[in-house]
Amino acid sequence: MNDNPRALKLADRIKVIVATMLDTRVKDPRLGFVTITDVRVTGDLQHATIFYTVFGTDEEREGTAAALVSATGMLRREVGRQTGVRLTPTLEFIADAIPENARVIEDLLSEARGRDAELARSKEGAAYAGEADPYRTPHEEQDDDGTGDVDPAGIDGRGREEA
């Protein structure tokens, strides 16, 4: 989509006009529960692509697509009348794939949740193959009294070197 402010403004206006017209003026019995999701207008304002979704079965979607195609002329005339642009853009209706994509993503997320739960169940009774801490740590040296305090210079408390 381009960043032309006039095209963005016209797209928003077309979205409102088409949604209102579908709700109030189009009386085609094939028209199902339609939602206009997005409108994109070319930079030269000559073509508008209208994305829509339909709630229902595949037959209702096909019927709605046919109803939109048959109502395109009336909708274009009304868009031209209400927007007042010199050249009324052509209208093209495209079924939006967002609901299907969202359904696929939701299925993938539920599958991932199932695999995570399965992994958590398999980890419950598992034990380490080796030690719990596989990294080597330096052992502290013990002196004669067992406190662990070793003089690093090798000198005992009386100032003499240890043998």
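Q: Which residues of H2 are called buried?
A: In this predicted model, the buried residues of H2 are Gly63, Thr64, Ala67, Leu68, Ala71, Thr72, Met74, Leu75, Glu78, Val79 and Gly80. Buried means under 20% relative accessible area, exposed over 50%, and partly exposed in between (1.4 Å probe, protein chains only).

Q: Why is threonine 64 called buried?
A: Its relative accessible area is 0%, and the cut-off for buried is under 20%; threonine 64 is therefore buried.

Q: Which residues does threonine 64 touch?
A: Leaving aside residues up to four places away in sequence, threonine 64 touches Arg30, Leu31, Gly32, Val34, Tyr52 and Val54. Contact means heavy atoms within 4.5 Å.

Q: Where is the kink in helix H2?
A: The kink is centred on threonine 72 and amounts to about 50° in H2 (residues 58-83). The bend at a residue is the angle between axes fitted to the seven residues ending there and the seven starting there. Helices (H or I, at least four residues) and strands (E, at least two) are DSSP runs, numbered from the N terminus.

Q: What makes E1 and E2 a pair?
A: Two strands pair if DSSP finds at least two bridges between them. Eight bridges join E1 to E2, which run antiparallel; by that definition, the two strands pair.

Q: In what order do the strands of the open sheet lie?
A: The order is E1-E2-E3, with mixed pairing. E1 and E3 are the edge strands, each pairing on one side only.

Residues are numbered from 1 along each chain as its sequence is written. For this predicted model, local features need pLDDT of at least 70, side-chain atom pairs count only at pLDDT 80 or more, totals for chains, interfaces and linings use all residues, and side-chain values use heavy atoms, with hydrogens and water left out.
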